[in-house]
Amino acid sequence: RELGDDAALAESIFGQALVLAVETKSPNVDLRVEDAGDLYRRANLPERLAEVRHAHAQWLREQEMDRQALDRIRQAMEAAAEAGNGAIECRARGLYATMLADTYQFEAAARELEAAGAQAEANGDRDAVMGLSARRAYVMAREGASLEDVIAQVEAALEQARALDDPRMGEQAIAVVIDEIRGRCDDAYRDRLGEWRVTNLTV
């Protein structure tokens, strides 16, 4: 801060926020991530800004602060587009699709997933393709698809995850989606998806 290095200060504050996010639900997480984003914007680093806004949106969603999360994920997509970073943009659009599904905008959510998937395929980004496949299971569950169809979609995502260079990261992404389905969607999915996670995931 004394040196006026906004980029380095943003990295430090964002690192603090990530540590706090693991340990507590303190409002300090929200404040620090917000500060880091503002600093990245001031330093004209849209790629890092997109990363921070995406992380912030995910954290806000976990705290069930959905309206604020929606604002942040839109900012993440804008920053990613400005930076020309397709990987971050695809991840952000996948999260955005789940938020659209939460507000019953299922057709819009499906369009986001389809467009982001095409973008990820064109970029050869297998990690993003897998993540979007997992997000599709959430959108399906929100729309009331059968338990069998939701599990089949999760299994398709797991098959893609096992083909990645780091399958564990893919499994973690699937675990996040399963937790969201169990916490936010109809109770009919809860027990079977919980059993499926224990049986099939190592994370």
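# Close-up views of a predicted model

**Figure 1. Ala-7 in helix H1.** Ala-7 is partly exposed, with a relative accessible area of 25%. This residue of the predicted model belongs to helix H1. Along the chain, Ala-7 and Gly-37 stand 30 residues apart, and their C-alpha atoms are separated by 10.0 Å.

**Figure 2. Arg-32 in helix H2.** Helix H2 contains Arg-32. The relative accessible area of Arg-32 is 27%, so this residue counts as partly exposed, a class that lies between the limits of 20% and 50%. Between the C-alpha atoms of Arg-32 and Ala-10 there are 9.1 Å, although the two residues are 22 residues apart along the chain.

**Figure 3. Arg-190 in helix H10.** Arg-190 is located in helix H10, which covers residues 190-200. With a relative accessible area of 32%, Arg-190 is partly exposed.

**Figure 4. The aromatic pair of Tyr-104 and Phe-106.** A pair of aromatic rings is described by the distance of the centres and the angle of the planes. The count comes to 1 aromatic pair. It is formed by Tyr-104 and Phe-106, with 6.1 Å centre to centre and 80° between the planes, an edge-to-face arrangement. The angle is classed in this way because planes over 60 degrees apart count as edge-to-face.

**Figure 5. A charged side chain over a ring.** Arg-61 is placed over the face of Tyr-138. The distance from Arg-61 to the ring centre is 5.1 Å.

**Figure 6. The largest pocket.** Rolling a probe the size of a water molecule over the atoms shows where empty space is left. The largest pocket has a volume of about 1,000 Å³. Its lining consists of 36 residues, and those nearest its centre are His-54, Gln-58, Arg-91, Arg-135 and Val-176. At least two lining residues come from each of helices H1 (6-23), H2 (27-42), H3 (46-62), H5 (86-102), H7 (126-143) and H9 (167-184). Sorted by class, the lining of the largest pocket holds 20 nonpolar, 9 polar and 7 charged residues.

**Figure 7. The second largest pocket.** This pocket has a volume of about 170 Å³. Its lining is made up of Gln-58, Arg-61, Glu-62, Glu-64, Val-176, Asp-179, Glu-180, Gly-183 and Arg-184. Two or more of these residues are given by each of H3 and H9. The largest share, 5 residues, comes from H9. By class, the lining of the second largest pocket has 6 charged, 2 polar and 1 nonpolar.

**Figure 8. The largest nonpolar core.** In soluble globular proteins, nonpolar side chains tend to be buried together. The largest nonpolar core has 43 residues, and the members that touch the most others are Val-52, Ile-73, Tyr-96, Met-99, Ala-109 and Ala-120. Two or more residues are contributed to this core by each of H1, H2, H3, helix H4 (66-83), H5, helix H6 (106-123) and H7. Which helix gives the most to this core? H5 does, with 9 residues.

Terms used. Residues are numbered from 1 along each chain as its sequence is written. This is a predicted model: local features need pLDDT of at least 70, side-chain atom pairs count only at pLDDT 80 or more; totals for chains, interfaces and linings use all residues. Side-chain values use heavy atoms; hydrogens and water are left out. Rings of Phe, Tyr and Trp (its six-membered ring) pair if their centres lie within 6.5 Å; planes under 30 degrees apart count as stacked, over 60 as edge-to-face and the rest as tilted. A charge sits over a ring if NZ of Lys or CZ of Arg is within 6 Å of the ring centre and within 35 degrees of the ring normal. On a 1 Å grid over the protein atoms alone, a cavity is a set of points where a 1.4 Å probe fits but cannot get out, and a pocket is an open set with protein on both sides within 12 Å along at least five of seven lines; lining residues have an atom within 4 Å of a point. Grid points are joined across faces, edges and corners, and a volume is the space filled by probe spheres set on the points. Helices (H or I, at least four residues) and strands (E, at least two) are DSSP runs, numbered from the N terminus. Ala, Val, Leu, Ile, Met, Phe, Trp, Tyr, Cys and Pro count as nonpolar, Asp, Glu, Lys and Arg as charged, and the others, Gly among them, as polar. A nonpolar core is a set of buried Ala, Val, Leu, Ile, Met, Phe, Trp, Tyr and Cys residues joined through side-chain atoms within 4.5 Å. Buried means under 20% relative accessible area, exposed over 50%, partly exposed in between (1.4 Å probe, protein chains only).
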